[in-house]
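Here are my notes on this model, point by point. Please read them with the coordinates open.

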Amino acid sequence: MEISVHNIEFSYNGAPVLKNVRCEIGTGDFMAVVGPNGSGKSTLIKCMNGILRPRKGTVYISSENIREKTLREIAKKMAYVPQNKAGDSPVSVFDSVLLGRKPYINWKPSQSDIDITTNVIARLKLDHIAMKDINKLSGGQQQNVFIARALAQQPGILLLDEPTSNLDLKHTVRIMDTLKNLCKQGLTVIVALHDINLAMRYASRIMMLKEGEIYACGGREIVTEERLERLYDIKVRLIKNNGCFHVIPESSIENQD
Ligand SMILES: Nc1ncnc2c1ncn2[C@@H]1O[C@H](COP(=O)(O)OP(=O)(O)OP(=O)(O)O)[C@@H](O)[C@H]1O
Ligand SMILES: [Mg+2]
């Protein structure tokens with residue numbers, strides 16, 4: 001499923017945050033949105049999902065204006081994993097993931113809703129905690145549950161805001177691999193990421209946001225030392241090793257030993 005952002009402008013209380021942002025993201029694309037704190041990544045993702053209404057511009061999913069869709073209709077096409085999750089009321093992991101089926105459920109879950117939930121829980125290896133209260137999990141485990149809930153929604157487009165911020169190395173790779181594999185099956189993934197190395201490893205497209213504007217957008221080749229230095233205002237080295245690029249930001253302690 002494709003998503004198209006047409007010249008979006010967004011302000012919080014009159015303070016402009018997104019300026020003339022436009023992009024086309026095709027079916028099966030894996031796009032990473034990177035940029036400094038406060039550059040507008042979360043705001044852009046919320047505009048894409050219809051949670052925030054841009055002052056100007058339009059978002060289309062499969063050529064349909066999301067403003068003309070109900071939240072339930074949008075939820076069948078697009079799932080969103082927010083950066084900061086509000087605490088859930090006491091609920092098991094299973095029921096929390098089952099909530100992802102809500103857009104499809106009329107008054108009670110069908111066998112297919114239960115099966116989809118069970119499969120997603122197995123795929124993200126959450127079986128052993130399926131009956132635990134979500135509030136009694138670690139931050140990383142909760143993050144995995146929220147990703148599972150979004151996958152249970154069976155969306156064509158998945159928006160994730162810093163999905164790996166609480167995850168250890170193994171779970172980071174597991175989630176990113178899962179997302180990449182889903183992309184190969186046609187899911188469109190848009191993910192706000194701070195880790196530029198992860199972005200370069202997994203994303204087919206990278207959008208650099210700076211002060212609410214697109215600073216650069218394209219394939220991995222747009223990531224250069226010069227652009228990163230201008231984007232983050234810090235000296236960096238870009239090293240290629242075994243076909244992978246690694247960004248190493250300069251630290252003042254390196255020069256002290
Ligand atoms: N609810 C809000 N009300 C007012 N201003 C806000 C609100 N949310 C965000 N902002 C402001 O909008 C700007 C962009 O914020 P946003 O959360 O989109 O940035 P971000 O790129 O996601 O940052 P981070 O990397 O820290 O998550 C910031 O200047 C922020 O202070
Ligand atoms: Mg953010």
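How do the residues of the shell around ligand 1 divide into nonpolar, polar and charged?

1. Ligand shell. The shell divides into two nonpolar residues, eight polar and one charged. Here Ala, Val, Leu, Ile, Met, Phe, Trp, Tyr, Cys and Pro count as nonpolar, Asp, Glu, Lys and Arg as charged, and the others, Gly among them, as polar. Around ligand 1 sit Tyr12, Val17, Gly35, Asn37, Gly38, Ser39, Gly40, Lys41, Ser42, Thr43 and Gln83. A residue is listed if its C-beta atom, placed from the backbone, lies within 6 Å of the molecule. Helix α1 (residues 41-48) gives the largest share, three residues.

2. Basis. This is a predicted model: local features need pLDDT of at least 70 and side-chain atom pairs count only at pLDDT 80 or more, while totals for chains, interfaces and linings use all residues. Residues are numbered from 1 along each chain as its sequence is written, with chains lettered from A and ligands numbered from 1 in the order in which they are written.

3. Overall form. The protein chain has eight helices and twelve strands. These are DSSP runs numbered from the N terminus (helices: H or I, at least four residues; strands: E, at least two). Buried residues make up 35% of the 257. Buried means 20 or more other C-beta atoms within 10 Å of the residue's own, exposed means 12 or fewer, and partly exposed lies in between; C-beta atoms are placed from the backbone.

4. Six-stranded sheet. This open sheet has the order β6-β7-β8-β3-β9-β10, with mixed pairing. Its edge strands are β6 (78-81) and β10 (213-218). The twist averages 15° from one strand to the next. Pairing requires at least two DSSP bridges between two strands. Strand β9 (residues 205-210) runs antiparallel to β10, joined by five bridges. Isoleucine 206 has glycine 218 as its bridge partner in β10. Helix α5 (residues 139-152) lies across β6 and β7 (157-161), at about 175° to β6. Axes are lines fitted to C-alpha atoms, for helices over the stretch in contact (C-beta atoms within 7 Å). Angles run from 0 to 180 degrees between N-to-C directions.

5. Four-stranded sheet. A second open sheet is antiparallel, in the order β2-β1-β4-β5. Strands β2 (15-25) and β5 (64-65) are its edges. Two bridges join β4 (residues 56-61) to β5. Tyrosine 60 pairs with asparagine 65.

6. Strand β11 (residues 236-241) has six residues, and the number buried is zero, so it lies largely in the open. Six bridges join β11 to β12 (residues 244-249), and the two run antiparallel. Leucine 238 has valine 247 as its bridge partner. Two residues lie between the strands, and asparagine 242 takes a positive phi near 55°.

7. Backbone points to check. Most residues other than glycine have a negative phi. Asparagine 7 has a positive phi of about 45°. It is found in strand β1 (residues 3-12) and is partly exposed, with 13 other C-beta atoms within 10 Å. Glutamate 162 has a positive phi of about 55°. Glutamate 162 is in the loop between β7 and α6 (169-184). This glutamate is partly exposed, with 19 other C-beta atoms within 10 Å.

Methods:
Two residues are in contact if their C-beta atoms, placed from the backbone, lie within 7 Å.
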